[in-house]
Amino acid sequence: RGSARGSARGSARGSARGNGGGGDNTNGGSCCCYCALRVCRALRDRRDALVGADGSARGAAAAARVQLFMRHCRIIMCMSEPVGGLLVAIVGYVWLCGLAPQGSDPFVRNLPFFAGFGVNRTLALANGGNGGGALALGTFYNALFLLSTVIFTTLLFLFFFRFRWRRACFVILVGSFVLTLAAAPVYLVYMACGRFRVPLDWITVALFSYNFAGAGAVVVYWEHMQDTLERWEEFLWGEPGGAAPLAAHQWLVHVYLVLYSAGIAWPFMCMDEWTVWAFLLLLVIWDLLAVLTPCGPLRYIMLIEQRRKNEGAEEFKLPPGLIYVTRLFTLGTGDLIFFGVVVGRAATLNFVTMACTFLAIFAGMSATIWVTLQSNRHALPALPLALGLAFFSLFTGRFLLEPYVRGTLGAGIIV
């Protein structure tokens, strides 16, 4: 080592002196460059071993998180279309017809227990005496009566699904759809014209409701139209999903399903307040039992469908109109109906309560979607979390926030 170092130093000094101190040490410079290159290569190999050959492991993980977040955002935005449209339609319906919290015609009189329009159920139930017990019992009877119709409809659908009676299910759905879309606009126009003193003849109203309901039934339930548009979409209009008649058809289907859900929510908005709250409380319990328990009918339907897929048997194709379907999620029209019921009841009270309930529905639906995507379950009930937040926001907005806002504005205080 010593001789090598000495010879190297002597040769380096001699060459430097011989060149007048201005020459380049080519061997030393190339050695340094070579060592630096080896160090860079070692660092690159270490980086490739840790983060990937293209240096994008952390970037890929971040990109994956961003893509997952954007997917969640797209699902929430797709969900906001039907829910937002339904809630706006419900609020407009309530304000146009002037529905009251104590109940309105024509449905409130047809309940098993009707105490009259002048009875303040909130005060009577709070006092306990003076008929409060009878009102509480009558409210419970009304809620059980409404829940029994939901349970009967669910079991009837389970029967049709189990024995593949698709035509019977189709006839019932089409009949309900046509009657709802024919009756709800007539009543809306009748109440709005009477409230705002607008003259309108019944022939025009009847023709409009007939054409509106008939066109809706054709658009939603005529499967030949959907199949034809899907078959010819790529051949005639280019890439699927573009600005084609199929996209317009799907948009019309979604609009009609939203209006149909608003029409189904109409009877519940005409009932008295405490009957609706008791019914929705029982409905949340029923929804949990029907979906999550081993003997629940909706869980049984999903198990039958899964077993048929595993066995390769012919699947029971659901008739249109039961589910609001997009490319990213599916939402039952029943969920839309009861979201509209809660916001409609809030709209009969005041604007502050309605706005709080409106936002709570969106927050609950977003939380439900997030839990569904993060969990291993294929589906979760959409009602419990959203309705729980809606109930909380409705009562806090009604009894706390609205009096506070009214008091501060009345005193001339702007917060």
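At what angle do helix α10 and helix α11 pack, and how far apart are their axes?

Mentor: This is a predicted model, in which local features need pLDDT of at least 70, side-chain atom pairs count only at pLDDT 80 or more, and totals for chains, interfaces and linings use all residues. Residues are numbered from 1 along each chain as its sequence is written, and side-chain values use heavy atoms, with hydrogens and water left out.

Helix α10 (residues 273-292) and helix α11 (residues 297-311) pack at about 25°, and their axes are 4 Å apart. Helices here are DSSP runs (H or I, at least four residues), numbered from the N terminus. Axes are lines fitted to C-alpha atoms over the stretch in contact, with angles from 0 to 180 degrees between N-to-C directions. α10 and α11 are therefore roughly parallel to each other; angles under 35 degrees count as roughly parallel, over 145 as roughly antiparallel, 65 to 115 as roughly perpendicular and the rest as oblique. The crossing of α10 and α11 is right-handed, that is, the near helix is turned clockwise from the far one by less than a right angle.

From α10, the contact (heavy atoms within 4.5 Å) is made by W286, A290, V291 and L292, and from α11 by P297, L298, R299 and M302. By class, the contact of α10 with α11 has seven nonpolar, no polar and one charged residue. In this scheme Ala, Val, Leu, Ile, Met, Phe, Trp, Tyr, Cys and Pro are nonpolar, Asp, Glu, Lys and Arg are charged, and the others, Gly among them, are polar.

Two further pairs involve helix α12 (residues 333-347). The axes of α12 and helix α13 (residues 351-374) come within 7 Å and cross at roughly 160°, so these two helices are roughly antiparallel. The crossing of α12 and α13 is also right-handed. F339, V342, V343, A346 and A347 of α12 meet T353, M354, T357, F358, I361 and M365 of α13, giving nine nonpolar, two polar and no charged residues.

With helix α14 (residues 383-410), α12 has axes that come within 11 Å and cross at roughly 0°, which makes α12 roughly parallel to α14. On the α12 side the contact is made by D335, F338, F339, V342 and A346, and on the α14 side by L383, A386, L387, A390, F391 and L394. The residues of this contact divide into 10 nonpolar, no polar and one charged.
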